[in-house]
Amino acid sequence: MNSLKIKKGTSKHSAYDLRDPNSEIIETHTLAVIVTNESGVLARVIGLFSGRGYNIHSLTVAEIDHDSNKSRITIVTTGTPQVLTQIKAQLSRMIPVFDVHDLTEEGGTVERELALFSVTGKGNKRVEALRLADIFRANVVDTTLDSFIFELTGTSEKVDAFLDLMRPLGLTEIARTGIAALARGNN
Amino acid sequence: MVRTITGAEIVVQALIDQGVDTIFGYPGGAVLPIYDAIFKQKKIKHILVRHEQGATHAAEGYARSTGKTGVVLVTSGPGATNAVTGMTDALMDSIPLVVLTGQVPTFMIGNDAFQEADTVGITRPCTKHNWLVRDTDKLSEVIHQAFHVAKTGRPGPVLVDIPKDVQFAKGQYTNISKVDRSGYSPRVKGDTDAIISLVNLIETAERPIFYTGGGVINSGLKATKLLRDLADQTNFPVTSTLMGLGAYPASSNQWLGMLGMHGLYEANMAMHGCDLMINVGARFDDRITGRLDAFSPNSKKVHIDIDPSSINKTVNVDVPIIGDIENVLKETLKLWKSRGKKTNKSGVSSWWDTIATWRNKDCLSYKANSQTIKPQYALERLEALTSHRSDRYICTEVGQHQMWAAQYLNFNDPNRWMTSGGLGTMGYGLPASIGVQVAHPSSLVINVAGEASWLMNMQEMGTAIQFNLPVKQFILNNERLGMVRQWQELLHGERYSQSWSEALPDFVKLAEAFGAKGLRCDKPEDVDSTIEEMMAYDGPVIVDCLVEKHENCFPMIASGSAHNEMIMGDSETAGTISSKGAVLV
C-alpha cells in the first residue's frame with residue numbers, strides 16, 4: 001500500500017469551518033424567549049448555547065406571568081446571520097419554549113440594564129463621585145461616611161460609561177442585571 | 001373518572017393505555033415498586049436485557065422495525081447513565097423512545113445518595129425532552145405527554161425520572177384524553193407557495209434527483225408510498241442516505257443506491273451534477289455532503305423537513321418546505337397532477353444517459369479471491385441467499401461491515417434496515433436485532449457485524465437465549481478495527497495504532513457457552529453452506545466468517561473532498577487526503 005502523500009491546500013472549506021468568524025459579518029441580536037417556568041428550563045437554554053458553541057453576551061430571566069406560569073428570558077447573542085437563524089430555530093423546537101422573538105429584527109428594541117456601584121472614598125473623590133452620579137441620574141441607595149452605593153438604570157453603554165468614571169474614584173464592587181428588552185412600538 | 005392508585009401502578013396503567021405491549025429493562029433498587037407492579041400484570045411483556053445500553057438499542061430496533069415507540073425501564077444512577085449512549089443514538093437518528101428511570105426518593109435528591117445521579121441533568125442534551133416527576137398526581141399526565149413528544153414532529157428519545165417515593169405514594173390517574181397537548185404541536189402542513197415552487201422546478205428540471213433520508217421512513221408507510229408514486233411518475237432518479245434505505249425500492253431502475261462518503265459512484269456524481277435536488281427528510285449530514293463549497297454547485301435545492309432547525313443548517317437551500325413528508329408529498333403530487341404531470345422529458349432522458357455512463361463504472365466491483373473470503377463476497381452471498389425472504393430484517397454494528405452491508409444488501413421495503421447512522425455506535429447491532437426479533441418473532445433477523453463492534457454488547461446473547469429469539473449474528477471477522485485500520489492506512493502512514501483485535505474469543509465456543517449455535521467459515525466455497533445452515537437453525541446463531549484482513553471499503557469520498565472526487569479502489573488512494581481533510585473525522 002502507498003504511503004500517504006499530503007497534497008496541501010486542496011481543501012478550502014469543510015463542515016467544520018462553517019462558523020469561520022472572518023467569513024461573514026457578525027451581528028448582535030437581542031432575543032426574547034418566552035418559556036414555561038418549570039424546573040431546569042434555564043439550564044436547557046444555556047445548555048443549548050454551550051453545547052452548540054453559540055455566544056451569550058447577556059442573559060436575564062424572570063417570571064412574567066404567574067397565572068400562566070411563563071418566564072421571559074432575554075438573551076443578547078452574536079453570530080453570523082446563518083448562526084442566528086439556527087439559534088432561533090433550535091430555541092423554538094425546545095418543548096418548554098412558547099415563542100422566540102428576535103427583537104433586533106422586529107424593528108429595534110428598548111434595552112435597559114440596572115447596575116449597583118459601590119464606591120469608597122473621602123474628600124474630593126467622594127464629592128466628584130456624587131456629582132457624576134447626579135449627572136447620570138443615578139440614585140444613592142446606601143451611604144456611610146466613606147462609601148456610597150449608586151443605583152443606575154440605562155443602556156449598557158451608559159452603564160459602561162459610568163463604570164469608567166467611577167473606577168478612578170474608588171469603585172470597589174459592581175453588580176449588573178444584564179439586559180431587559182422590549183420591541184419598540186409600530187410607528 | 002379519577003382513580004387513586006400507587007405511582008408504580010400509574011406507570012403500568014399509562015403504558016397499557018399507550019398501547020405498549022413490550023418494554024426492555026433491567027431492575028434495581030430505585031425501580032422496585034414498578035417491577036412489583038409489572039409482576040402483578042400480564043399485558044406488558046418485559047424483556048430482561050443484560051446491560052442498560054442493550055435495553056436502549058433493543059428498544060431502538062423495536063421502534064425502527066415497527067414504527068412504534070420503544071420503551072425502556074431502568075434504575076437510577078448507573079442504570080440511567082448506562083442508557084445515555086442509546087438515548088444519544090436515538091436522538092441523532094430520530095428514533096422515538098420513552099425511557100423511564102428510577103430515582104432516589106425526593107427527600108434524598110441532592111444528598112449524593114446511593115445510586116443517585118442527576119439523571120435529568122445528564123440526559124438533557126441527549127433527549128428531546130425530559131421530566132423529573134415529584135408529585136404522583138402528575139405522573140400519568142407526564143408519561144402521556146412523554147409519548148406525545150417522542151412520536152410527534154421529529155421523533156426522538158424522552159426520559160421520565162421517577163423518584164422511589166413517588167412510585168410508592170398514591171395519586172390520581174389521568175386518562176390520555178384528558179391530557180393537554182397544546183404545548184407541543186409541530187407544523188405538519190407545508191407552505192403552499194413553497195410547494196408551488198417545487199412543482200415549477202419539477203416541471204422544468206433537466207437533471208433532477210430525489211435525495212431521501214430517514215425522515216421518509218419516520219413519516220410512515222403513506223409517505224413511502226407517496227415518494228414511490230412521485231418518483232415513478234416523474235421518472236426522476238432516487239438516491240438515499242444510510243438512514244433512508246428501503247423507503248424507495250432497491251429493485252427499481254430509478255434507484256441509484258446510497259450516496260455519501262461510501263455511497264455509490266453514480267449516486268454521488270448525480271448529486272454533484274444535478275440541476276434540481278429534492279431533499280426529502282434528510283439533513284445534509286457531513287457524511288453526505290463532503291466538501292461543502294463544492295457540494296452540488298449548480299443545483300436548485302429543495303428541502304422538505306419537519307424540523308425547522310434542519311433548514312439552512314449547513315447547506316443553504318432555495319426552497320425550504322417545513323412540514324410532514326406525507327403531507328407535503330401528497331400536496332405536491334396533487335398539484336403536479338392537476339397541472340398535467342409535466343416534466344422536461346427530453347432533458348430527463350439525456351440525464352438518464354449520463355447516469356448510465358456512471359453506472360458503467362461498476363463502482364462496487366472488487367477483486368475476488370479463491371483462497372480468502374472477501375467481505376464483499378460474503379455479503380453478496382448473504383444477499384443472494386436471503387433476499388427471497390420478504391420478512392428479512394437486517395441490523396448492523398458500525399464500521400466497514402456496515403458500509404458494505406449498505407452497499408451490497410438491497411432493501412425494497414422501509415423498516416427493514418436498523419443501523420446506527422448519526423452517532424455511529426459500535427455495539428448497536430446485537431441488541432437492536434433482539435428488539436427487532438421481539439417485534440417480529442417469526443421473521444429472519446440478521447445482524448451483520450464486525451467482531452470488534454459485536455464484542456461491545458455481546459452479553460446480550462444471554463437475552464436472545466432466555467427469550468428464544470433466533471437472531472443470526474453474521475460476524476465478518478477481520479481481526480481488526482477495520483475502518484480505523486483503513487483510515488490509519490490512508491491517513492497515518494500505515495501506523496496501525498491499537499487497531500488489532502487481539503486475544504479474540506473462539507466465537508464458536510462462545511456461542512456454545514451461551515447455549516447458541518456457533519458456525520465458522522474461512523473458505524469462499526463454504527460461505528453458501530454456512531449461510532444456509534445459519535438460516536436452517538431454529539435458534540440464535542453466531543457465524544464467525546473469517547474474511548480478508550486488509551480489505552478497504554470503497555468507493556470513498558475522502559475527508560475534505562467533493563462528490564466528484566471519489567476514490568474507487570486501492571490504486572487511487574495515494575495522496576488523497578489533504579492536510580485540511582486530515583483533521584476531520
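Why is helix H12 (residues 265-273) of chain B largely enclosed by the rest of the structure? In this predicted model, eight of the nine residues of H12(B) are buried, and the helix is therefore largely enclosed. The buried positions are B:Tyr265, B:Glu266, B:Ala267, B:Asn268, B:Met269, B:Ala270, B:Met271 and B:His272. The elements that cover them include strands E9 (208-212), E10 (238-240), E11 (255-258) and E12 (276-280) of chain B. Helix H15 (345-359) of chain B also contributes to this cover.

A helix pair in chain B was examined next. Two packed helices are described by the angle between their axes and the distance between the axes. For helix H3 (residues 52-66) and helix H18 (residues 429-439) of chain B, the axes come within 6 Å and cross at roughly 50°. The crossing of H3(B) past H18(B) is right-handed. On the H3(B) side, the contact is made by B:Gly54, B:His57, B:Ala58, B:Ala59, B:Glu60, B:Gly61, B:Tyr62, B:Ser65 and B:Thr66. H18(B) supplies B:Pro431, B:Ala432, B:Ser433, B:Ile434, B:Gly435, B:Val436, B:Val438 and B:Ala439. By class, the residues of this contact comprise nine nonpolar, seven polar and one charged.

In chain A, four strands form an open sheet in the order E2-E3-E1-E4, with antiparallel pairing. Strands E2 (58-65) and E4 (97-102) of chain A stand at the edges; each has a single partner strand, so one side of each lacks a neighbour in the sheet. Helix H2 (residues 81-92) of chain A lies across E1, E3 and E4 of chain A and runs at about 160° to E4(A).

Strand E5 (residues 109-120) of chain A pairs antiparallel with strand E9 (residues 180-183) of chain A through four bridges. In that pairing A:Val110 stands opposite A:Leu182. Eight bridges connect E5(A) to strand E7 (residues 147-154) of chain A, again antiparallel, with A:Ala115 opposite A:Leu152 of E7(A). E5(A) also pairs in the antiparallel sense with strand E8 (residues 171-176) of chain A, over five bridges. Here the bridge partner of A:Val119 is A:Leu171.

Notes:
Residues are numbered from 1 along each chain as its sequence is written. Chains are lettered from A and ligands numbered from 1 in the order in which they are written. This is a predicted model: local features need pLDDT of at least 70, side-chain atom pairs count only at pLDDT 80 or more; totals for chains, interfaces and linings use all residues. Two strands pair if DSSP finds at least two bridges between them. Helices (H or I, at least four residues) and strands (E, at least two) are DSSP runs, numbered from the N terminus. Two residues are in contact if their C-beta atoms, placed from the backbone, lie within 7 Å. Axes are lines fitted to C-alpha atoms, for helices over the stretch in contact, and angles run from 0 to 180 degrees between N-to-C directions. A residue is buried if 20 or more other C-beta atoms lie within 10 Å of its own, exposed if 12 or fewer, and partly exposed in between; C-beta atoms are placed from the backbone. A crossing is left-handed if the near helix is turned anticlockwise from the far one by less than a right angle, and right-handed if clockwise. Ala, Val, Leu, Ile, Met, Phe, Trp, Tyr, Cys and Pro count as nonpolar, Asp, Glu, Lys and Arg as charged, and the others, Gly among them, as polar.
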